[in-house]
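This report describes selected features of one protein model. Please look at the sequence and the structure first.

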Amino acid sequence: LTVRQYTVQTDKIGKGKHLRIVMLSDLHSYIYGTDQSPLLHKVAEQQPDIILLCGDIVDDRKPFAGAQMLLQRITDIAPCYYVSGNHEYWGEQPEKVFDMIQSYGIRMLHNEWEEVIIDGQCYTICGVDDPAASGQRVKRSYGDRDVYLHILNEFSDLSEDTFNILLAHRPEYIEEYAKYPFDLTLCGHAHGGQWRIPYVLNGLIAPNQGFFPRYAGGEYHCGNMTEIVGRGLMLDWKPRLFNPPEIVVVDIVAANTRGG
């Protein structure tokens, strides 16, 4: 379990202002230690202002216990926001999963946004449901692309003066996200491409991207938008080669204060 840090500069926040985000994705109910304490401890060490959960924290084929151990304690560290992944929708009763998540004081974002003020600075936190929420919601279906693109239109009216953060499970839609006034998009889903060869191969295979995925993990840019893809937290029978599970930390800083 590693911590990967990024810094994003912007001229949309005041001089000296700073926002620290911890982003988690793709836990799939895996348990660190006996009760998630090693994971929670590492998250707390980062001293985040806000924690953003980008889907598949819950798994449809495993007991919820691992996810619950994390979710019931994580709001003690910082305010939390959550968007769905495909696995939440692949379960038989996704609405019950969402009720469970919200029962711990975590804000679910279903194709909507919320303004938050941190240290006197306003930010907009946006969340789009995974495409699996669309179409017929057939198990193992990744949903309807056209419906997903239509839903993204909900964000057309975002203010361009505020720093806008999008939580979206699927990274391969980067060019579609960049059509809207998002400054930063945070995603998971790709699991880091499972196998990596540093400096040669960033990922071998990822869902919905196939072999040699372009957006396996790391920082990407499209127009004025930055997309950061987390490599996820799950460990299972599939080996992860040079691809440790990770906690993502993103520091949003005023453009004239980076490195200060």
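## Surface and interior

Phe242 is found in the loop that links strand E13 (225–229) and strand E14 (246–254). Helices (H or I, at least four residues) and strands (E, at least two) are DSSP runs, numbered from the N terminus. The model is predicted: local features need pLDDT of at least 70, side-chain atom pairs count only at pLDDT 80 or more, and totals for chains, interfaces and linings use all residues. Residues are numbered from 1 along each chain as its sequence is written, and side-chain values use heavy atoms, with hydrogens and water left out.

Phe242 counts as exposed, at 52% relative accessibility. Buried means under 20% relative accessible area, exposed over 50%, and partly exposed in between (1.4 Å probe, protein chains only).

The buried residues of helix H2 (residues 65–74) are Gly66, Ala67, Met69, Leu70, Leu71 and Ile74. Strand E2 (18–24), helix H1 (37–45) and helix H4 (94–103) are among the elements that cover these buried residues; contact here means heavy atoms within 4.5 Å.

The number of disulfides (pairs of cysteine sulfur atoms within 2.5 Å) is zero. The sulfur of Cys54 is too far for a bond with the closest cysteine sulfur, in Cys187. Cys80 is likewise in no disulfide.
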